[in-house]
Number of protein chains: 2
Amino acid sequence: MAEISRSWVLVQRPVGDDFDSALKLQSLPMPEPGEGQVLVRTLYLSLDPANRGWMAGPTYIPAVPLGMPMWGGIMGKVVESNAPSIKPGDIVGGFGSWSDYCVLPAADVNKIPDMGGLPLSAAQGLFGGAGGTAYVGVIDVGQVKPGQTFVVSGAAGSVGSLAGQIAKIQGARVIGIAGSAEKCAWLTDELGFDHAIDYQRENVRKRLGDLCPNGVDVYFENVGGAVGNAVVANLAKGARVALCGLVSQYNLDGGPVSGLDMLPVLLKGASVQGFILLDYLHRLGEASAKLGQWLAEGKIKYHVDITDGLENALASFKTLFQSGASHKGKMMVRVDSQAN
Amino acid sequence: MAEISRSWVLVQRPVGDDFDSALKLQSLPMPEPGEGQVLVRTLYLSLDPANRGWMAGPTYIPAVPLGMPMWGGIMGKVVESNAPSIKPGDIVGGFGSWSDYCVLPAADVNKIPDMGGLPLSAAQGLFGGAGGTAYVGVIDVGQVKPGQTFVVSGAAGSVGSLAGQIAKIQGARVIGIAGSAEKCAWLTDELGFDHAIDYQRENVRKRLGDLCPNGVDVYFENVGGAVGNAVVANLAKGARVALCGLVSQYNLDGGPVSGLDMLPVLLKGASVQGFILLDYLHRLGEASAKLGQWLAEGKIKYHVDITDGLENALASFKTLFQSGASHKGKMMVRVDSQAN
């Protein structure tokens with residue numbers, strides 16, 4: 001086993017979108033697992049907009065300490081275990097770091113079950129946080145009903161692309177908002193969305209007004225800002241907004257945040273419900289079962305956008321915040337080239 | 001009976017806070033009730049921030065047509081009736097206009113019951129829209145629980161002052177936000193609020209942080225803008241925002257609306273629920289019964305701010321939008337000097 005493990009270390013809090021100054025790839029001594037801990041060789045690292053929040057300050061979890069490896073969702077193979085429940089060779093998922101190797105409490109990792117012929121990447125691309133968030137947001141928070149009009153922003157992202165398909169399975173009419181013609185074509189032609197709106201080239205508010213003369217019943221909000229307000233302006237009476245993310249706002253430290261206009265929410269008797277997957281962990285079992293069933297039935301598709309090499313994690317992460325970037329679906333880094 | 005009835009006529013849509021150009025007092029022929037209608041001598045006219053929305057364009061009701069008397073809640077005495085259910089001399093409430101005399105469909109007016117020694121103004125100052133909105137917002141929408149921290153903005157207004165007292169009766173700790181030291185003293189010394197914050201002189205966000213280290217559980221939102229965002233920044237985990245009004249935003253036609261920052265709503269798993277009294281009319285019976293009981297028990301107080309003379313309605317209305325204006329409680333115009 002190598003004596004050295006590389007990590008992306010948080011050396012300063014990010015200012016705006018300057019992640020190059022915030023994260024540095026460093027070689028560190030191999031971490032050693034203590035009692036009840038396991039040492040994991042990272043296979044895949046999950047890249048998510050929420051990572052930005054963890055860098056910047058306390059959110060629903062404390063901030064990543066300066067000088068420490070950046071936190072992230074990982075999947076990996078156990079190489080050493082000081083806990084009876086986990087054995088070397090086990091494939092596990094958990095909240096690790098942007099590192100070649102991570103030490104995690106055995107109690108906090110979950111063994112990834114046999115994927116039934118699916119590649120391991122499906123555990124992050126379809127199941128796990130992306131699918132769980134999409135499922136909870138559509139079913140528990142959005143509570144979409146057959147025949148309703150469902151709109152999702154960030155629709156080509158990991159959560160948005162699944163959320164739209166789940167709403168479609170529930171019998172809704174589904175409209176996705178994304179940042180390029182190519183993404184929009186993917187939503188309608190590959191994923192079965194009824195319509196897609198390219199916010200870079202179209203007037204979202206007007207187009208939604210044309211597509212939804214009776215208004216938007218459920219809005220799955222991933223982006224905020226101008227796109228969010230264009231949807232809010234089109235809410236139907238009693239509409240529900242499932243507030244999952246505000247990716248357009250995350251890099252505006254200290255600058256003026258673009259809040260959501262509440263007048264349409266007031267006049268329509270609508271609601272906005274913020275949600276964090278951590279509060280719905282008890283729902284992940286059902287979510288995974290349903291997602292697996294729908295995948296087997298050919299009713300849902302997932303897409304993983306895999307970057308090879310831990311050294312390329314930062315460049316890939318930055319594209320999460322670039323309007324019109326080409327990635328689709330779940331952004332992952334294959335840290336170990338042997339991972340399937 | 002006079003042959004002439006004065007009305008405030010909407011001659012153009014308001015631009016910003018220029019209500020002088022929008023409304024003109026005109027003498028019009030006495031309106032004549034048709035079949036099933038009643039002619040009412042206006043006793044009291046209710047002045048509410050929502051009136052501004054009805055002038056400006058369609059909301060949850062159509063806009064007031066240009067060239068027509070401005071709409072408003074009125075109470076009056078029936079002088080002529082073409083409907084068997086209503087008799088001359090009956091005291092009724094309804095959705096009338098800013099006029100000496102109104103013609104209303106008999107089916108749309110409600111007879112105001114004997115007030116048991118209370119002045120008629122209590123029907124608008126404690127019961128009716130103000131009390132109903134406060135009751136529904138606290139009980140149905142805010143769902144405040146004993147021991148929770150409840151914050152209300154526009155706290156010295158008709159709805160806000162009642163909402164804070166209702167939350168107090170439910171066992172909450174109550175903090176009001178208002179626009180002058182005098183109003184704040186009234187909230188704490190007369191109405192029993194635990195604390196009051198003068199947003200004209202204090203840093204609302206910091207003061208709330210000091211007063212509520214565990215956050216705000218229920219926020220009754222009447223104003224929006226900077227005050228709204230100062231409260232939202234202090235929401236507790238799972239907080240509820242009862243979105244009743246956004247009076248700081250109503251005059252910003254075409255200008256940049258200050259939306260509510262949704263990041264705290266997201267991170268706290270909080271919710272914002274817009275509500276309109278029209279959707280809760282079935283709750284008014286319970287609201288009035290409870291408000292009457294609490295008044296009799298000395299648990300709640302109401303304040304009416306009465307301007308004499310229809311000709312003074314506009315000047316009084318404008319103060320609803322002036323930060324630090326001196327009015328408290330329910331703004332009313334006594335149109336008939338004989339009204340009690």
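Domain 1 of chain A covers 4-119 + 303-334, and domain 2 covers 128-280 + 288-294. Those bounds come from an automatic or database domain assignment.

Before I go on, some housekeeping. This is a predicted model, where local features need pLDDT of at least 70 and side-chain atom pairs count only at pLDDT 80 or more, while totals for chains, interfaces and linings use all residues. Residues are numbered from 1 along each chain as its sequence is written, and chains are lettered from A and ligands numbered from 1 in the order in which they are written.

Where they touch in chain A, domain 1 puts in 19 residues and domain 2 puts in 18 residues. By contact I mean that two C-beta atoms, placed from the backbone, lie within 7 Å. On the domain 1 side, helix 1 (50-56) and strand 15 (330-334) of chain A each supply at least two residues. Helix 1 of chain A has the largest share of that side, with three residues. Sorted by class, the domain 1 side that touches domain 2 in chain A has six nonpolar, nine polar and four charged residues. For the classes, Ala, Val, Leu, Ile, Met, Phe, Trp, Tyr, Cys and Pro are nonpolar, Asp, Glu, Lys and Arg are charged, and the others, Gly among them, are polar.

Now, strand 15 of chain A. How many of its residues are buried? Five of its five, so the strand is mostly covered, with buried meaning 20 or more other C-beta atoms within 10 Å of a residue's own, exposed meaning 12 or fewer, partly exposed being in between, and C-beta atoms placed from the backbone. A:Lys330, A:Met332 and A:Arg334 point one way from that strand, A:Met331 and A:Val333 point the other way, and all are buried. Then look at its partners. Strand 3 (residues 37-47) of chain A runs antiparallel to strand 15 of chain A, joined by four bridges. Strand 14 (residues 304-308) of chain A pairs with strand 15 of chain A in the parallel sense, over five bridges. Pairing here asks for at least two DSSP bridges between two strands. A:Val333 in strand 15 has A:Leu45 opposite, and A:Thr307 stands opposite A:Val333 as well.

Zooming out to the whole of chain A, we have 10 helices and 15 strands. These are DSSP runs numbered from the N terminus, with helices being H or I of at least four residues and strands being E of at least two. The radius of gyration of chain A is 20 Å, close to the 20 Å from the globule rule for 340 residues, so chain A is as compact as a globular protein of that length. That radius is taken over C-alpha atoms, and the rule is 2.2 Å times the number of residues to the power 0.38. The C-alpha trace of chain A spans about 65 × 45 × 35 Å along its principal axes, and buried residues are 52% of the 340 in the chain. Of the contacts in chain A between residues at least 6 apart in sequence, 68% join residues at least 24 apart.

Next, chain B. How does it relate to chain A? A rotation of 180° with 0.0 Å of shift along its axis superposes chain B on chain A, RMSD 0.0 Å. That is the relation of a two-fold axis. The superposition is least squares on the C-alpha atoms of residues with pLDDT of at least 70 in both copies. B:Gly259 is the residue of chain B that comes closest to the axis, at 2.0 Å for its C-alpha.

At the interface, 27 residues of chain B are in contact with 27 residues of chain A. Helix 8 (263-267) and strand 13 (271-274) of chain B each supply at least two residues to the chain B side. That side has 14 nonpolar, 10 polar and three charged residues. Strand 13 of chain A pairs with strand 13 of chain B, antiparallel, over three bridges. In that pairing, A:Ser271 has B:Gln273 as its bridge partner.

Last one: A:Gln143. Most residues other than glycine have a negative phi. A:Gln143 is not a glycine, yet its phi is positive, about 50°. A:Gln143 lies in the loop between helix 3 (128-142) and strand 8 (149-153) of chain A. Is A:Gln143 buried or partly exposed? A:Gln143 is partly exposed, with 14 other C-beta atoms within 10 Å.
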